[in-house]
Amino acid sequence: QQVAEGTGRQASGAQQVSQSVIELTNASSEVASGAHREALAVDPGFAPSRANLARLLFDGGWVEDALLEFRRLAEVAPDRPEGPIGLAECLVRLDRLSEADDLVERARRRWPSDPGLSRVVRSAVARVRLDLRSRT
């Protein structure tokens, strides 16, 4: 009954995440990001909401904001790969490739089989190819 009533900070955050997932399927990413922000106001360390908000910002093109959220995620949930991997994705998008490379190497040592690493590497390679083409 305590969990159903939302007692405790994590229960409240989890309820907010559940609501945002429902809203995301029925509405826009703006509604979902609002719900994640509400959950984080209750519990700033609630990693699922932090990860989802960061991804929504990144996918929406708000890369600088996403970078901050992925950085916060890496701080509050150091055992989750989404923080460093998302941070590396943002750095690639911002053409900060050497910083992204450092993060990818550290993440690869810690989470060698995470599929997010391949996504970051492919994105970085595409960025470099685009840059090389524009120079010729």
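Which residue just after α6 takes a positive phi? In this predicted model, the residue is Asp-95, with a phi of about 60°.

**Figure 1. Helix α6 and its surroundings.** Helix α6 comprises 12 residues and spans 16 Å from its first C-alpha to its last, close to the 16 Å expected at 1.5 Å a residue. Because 10 of these 12 residues are buried, α6 is largely enclosed by the rest of the structure. The buried positions include Gly-83, Pro-84, Ile-85 and Gly-86, and the list continues through Leu-87, Ala-88, Glu-89, Cys-90, Leu-91 and Val-92. The elements covering them include α4, α5, α7 and α8.

**Figure 2. The largest nonpolar core.** This core contains 26 residues. Ala-66, Phe-70, Leu-73, Ala-88, Cys-90 and Val-120 have the most contacts inside it. At least two core residues come from each of α4 (47–59), α5 (63–76), α6 (82–93), α7 (97–110) and α8 (115–135).

Figure 3. Apart from neighbours within four places in sequence, Leu-73 contacts Ala-47, Arg-50 and Ala-51, together with Pro-78, Glu-82 and Gly-83. Leu-73 also belongs to the set with the most contacts inside the largest nonpolar core.

**Figure 4. The packing of α4 against α5.** The two helix axes, those of α4 and α5, come within 8 Å and cross at roughly 160°. An angle over 145 degrees counts as roughly antiparallel, and α4 and α5 are therefore roughly antiparallel to each other. The crossing of α4 and α5 is left-handed. On the α4 side, the residues in contact include Ala-47, Arg-50, Leu-53, Ala-54 and Phe-58; on the α5 side, they include Val-63, Ala-66, Glu-69, Phe-70 and Leu-73.

Key. Residues numbered from 1 in each chain as written. Predicted model: local features only at pLDDT ≥ 70, side-chain atom pairs only at ≥ 80, totals over all residues. Heavy atoms only, no water. Core = buried A, V, L, I, M, F, W, Y, C linked by side-chain atoms within 4.5 Å. Buried < 20%, exposed > 50% of the residue type's maximum accessible area, 1.4 Å probe, protein only. Helix = DSSP H or I, 4+ residues; strand = E, 2+ residues; numbered from the N terminus. Contact = heavy atoms within 4.5 Å. Expected span 1.5 Å × (residues − 1). Axes fitted to C-alpha atoms, helices over the stretch in contact; angles between N-to-C directions. Parallel < 35°, antiparallel > 145°, perpendicular 65-115°, else oblique. Left-handed = near helix turned anticlockwise from the far one by under 90°.
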